[in-house]
Amino acid sequence: MNTKNIKFLSGNEALAQGAWEAGVKFAASYPGTPATEILESFTQYKEIDAQWSVNEKVAFEVALGASFAGVRSIYSSKHVGLNVAMDPLMTSMYSGINAGFVVVTADEPGMHSSQNEQDSRLIAKFAKAPLLEPCSPSETKKFIKTAFEISEQFDTPVIFRMTTRVSHTKENVELEERTEKEQKKFEINPPKYVMVPANAYKKHIALEEKLIKLQEYSENSALNVAELKDNELGIVCDGVTYLYVKEKYPNASVLKLGMVYPFPDKKIKEFASKVKKVAVVEESEPFIEEHLLQMGIKCFGKHYTYRVGELKPENIKDVIEGNPKTDYPGPSRKPVLCPGCPHRAVFVALRKSKVTVSGDIGCYTLGSLPPLAALHSTICMGASVTIFESFSRYIGHEKTVGVLGDSTFVHSGITGLINAAYNKGKGVLLILDNGTTGMTGAQPNPATGVTAKGEKTKKLDLAAICKVCGADHVEVVDLSSESIDIKLKELLPKDQLSVLIVRYSLCKLIDRTKLPAPKFDAGKCKKCYMCVSVDCPAIFKNESGDIQLNMELCAGCDVCVAMCKFGALTSAKKDTNRL
Amino acid sequence: METINILFCGTGGQGILTASEIVGRAAMFDGYHAKKSEVHGMAQRGGSVESHLRLGKEVFSPIIEKAQADFLVSFHKGEHDRMADMLKKDGVDLLNEFLQADKDISDKKYINTYMLGVLSRYLDLTEESWLKAMTEVFKGKNTEKNFEIFRAARANKH
């Protein structure tokens, strides 16, 4: 074994390590797959002040502010998170930075846990930002340091694009020492930092000139590497696709773009002139292909069907030959709410109420799948509240509810609630308050009262904020599906804007304690399967059609017991207070 | 060593990612390049879980190509059947070993350790590295019991 300090790190961990080595002092993010572990890793370094921000716009601005104030700073989020931060991104390209500032976006071709698969390379072009893209964890660590150098050399935010297969791949990564960076002074400089029209006009001119300089850098940068081998086929690629190309076409000439934007046109032209056939292998949009075509380089790109989903090594031949995609994902096991998850009882009650439910982004999105099927729209963070406002106006406030979690409410539900109150909206909004950010693995948020570093802090009072937003009626209830049923019946007909905060004991990801599993009397079971309709992995219909409980999974929430009309399932608890 | 492709599959909560992590680290301790790839998030709410692990001198792709897995380590019959076309023609399928372990081992949390012991019979990795990787990943939890189960499964020649 050698003396180097080598660790088995994911791309996200390697990114945090590299940024730490580059002297980063501040990191901000909002949780989202596949980016969550970047900020979680930052919390492990004592030299870095790492925060979960309220949402991505806030995270971006706080991080940009740290750069203005003179410390190396980093923002990270999933691809759709960057949409929320687009406003500050676009104008920070004009102002530039003070100390190094890197904007990490983790894209998700294949949308394993996302609502879309947008390609952030297009955002770099739109924003006029340099974009770096590594292919592996070890390269991530190397590139992130270069990203900070580019940021400071060119006075610009740098977009750093990860994808699921880079973020969530682990490999041997060599650790190095941290280089401390002195805090830079913030110089009062309105033409740079005050983006009013007169200043911004000049900064736009400067930005266009900066892009030309960045292109020169890109031409000469070791980030873009031409590997000349066989001259029959030359492949241009970026990110993880480079590794698939190396695997499948070991003899081909390859131009690997590590700095994808601005494009190194001369390097591309030179590479294309040395091979007989040029092909582009890239995931998602035909970003590189279109640029090559625009340059007048005849190249072979993928069939449009390959813009959907992630590429795999076995697809590369098809991509180069322009064949259509055939390997659409087959049926896999559907994800379900955890056993004992408090959301289950809410969705059982909503199903029973037969209301139209506008939902949001979080674990409760799983309530949309049958047999629960009690969530009827999901678009983006916070949209449950705003779509609910219109649902209640046009479908009827007695027939619709909005549902979202505590973290999502704080992220972007509050503005929607103010809007509903201001515009005389009516109906019932449900905030499912489990005190954490569940879907991404239980990160704290302002309503938790704990920081990213695990320190106690001010706790946001959800009921109080709903009240001051203008809700006519705010009520906090604890959980059991009957009480939610009764509450809904009582509140839905009322001509008012109500917020029902359903307060849970903790999310099962945090609270692993189990209550006794219910007792099952097979003799009394009429096989109506109502118990199974709560969609819990701990109770199921076996091959012979009998009800079976998985005692190891069961958390003893008794939601299934409440469904049984024949007394076959009975609570094993003496105390009737469940959860 | 030629690149070895190991595909782990099953459902959320079975310790699949943990098992894959241990093999990856053990290979790294023995001087190999290891790459492990998986997806997080929605996929782990009781849904399908798969972890691709590739070991060798220099590994490129983080994911295993269809029909190129040398080993299929499944923790679930249904998931095994779904992933069966990932296995090479002459690849090693450890489903029977899992089914046996599922019958024999009452404390299900040790099944992944048992499967690691079975897998270790086929891989040229030192016992020292296996144990070091397990100690790190299990963070010292039930270390002796895990070692015992691992060693028993490793010694059980077919």
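Domain bounds, as used in these legends, come from an automatic or database domain assignment. The structure is a predicted model, in which local features need pLDDT of at least 70 and side-chain atom pairs count only at pLDDT 80 or more, while totals for chains, interfaces and linings use all residues. Residues are numbered from 1 along each chain as its sequence is written, and chains are lettered from A and ligands numbered from 1 in the order in which they are written.

**View 1. Domains 3 and 4 of chain A.** The assignment divides chain A into domain 1 (6–217), domain 2 (224–321), domain 3 (343–503) and domain 4 (519–570). The centres of domain 3 and domain 4 of chain A, taken over C-alpha atoms, are 28 Å apart. Their contact, in which two residues are paired if their C-beta atoms, placed from the backbone, lie within 7 Å, takes 7 residues from domain 3 and 6 residues from domain 4 of chain A. On the domain 3 side, α15 (343–353) and α19 (481–491) of chain A each supply at least two residues, and α15(A) gives the most, with 3 residues. Helices here (H or I, at least four residues) and strands (E, at least two) are DSSP runs, numbered from the N terminus.

**View 2. The contact between chains B and A.** Chain B contributes 29 residues to this contact and chain A contributes 34 residues. On the side of chain B that touches chain A, α1 (16–29) and β2 (33–38) of chain B each supply at least two residues, and the largest share, 6 residues, comes from β2(B). That side of chain B divides into 9 nonpolar, 11 polar and 9 charged residues, where Ala, Val, Leu, Ile, Met, Phe, Trp, Tyr, Cys and Pro count as nonpolar, Asp, Glu, Lys and Arg as charged, and the others, Gly among them, as polar. The model scores ipTM 0.96 and pTM 0.96.

**View 3. Helix α11 of chain A and its cover.** Helix α11 (residues 241–248) of chain A is mostly covered, with 7 of its 8 residues buried; a residue is buried if 20 or more other C-beta atoms lie within 10 Å of its own, exposed if 12 or fewer, and partly exposed in between, with C-beta atoms placed from the backbone. Among the buried residues of α11(A) are A:Tyr242, A:Leu243 and A:Tyr244. The cover over the buried residues of α11(A) includes β10 (230–238), β11 (252–257), β13 (277–281) and α14 (316–321) of chain A.

**View 4. Two cis peptide bonds in chain A.** Most residues other than glycine have a negative phi, and most peptide bonds are trans. The bond from A:Thr33 to A:Pro34 is cis, with omega near 5°, and A:Pro34 sits in the loop between β2 (26–29) and α2 (36–42) of chain A. The bond from A:Tyr261 to A:Pro262 is also cis, with omega near -10°, and A:Pro262 belongs to the loop between β12 (259–261) and α12 (265–273) of chain A.

**View 5. Two residues with positive phi.** A:Lys424, in the loop between α17 (406–422) and β16 (427–433) of chain A, has phi near 65°, a positive value in a residue other than glycine. A:Lys424 is exposed because 10 other C-beta atoms lie within 10 Å. Phi of B:Ala67 is likewise positive, near 65°, and B:Ala67 counts as partly exposed because 13 C-beta neighbours lie inside 10 Å.
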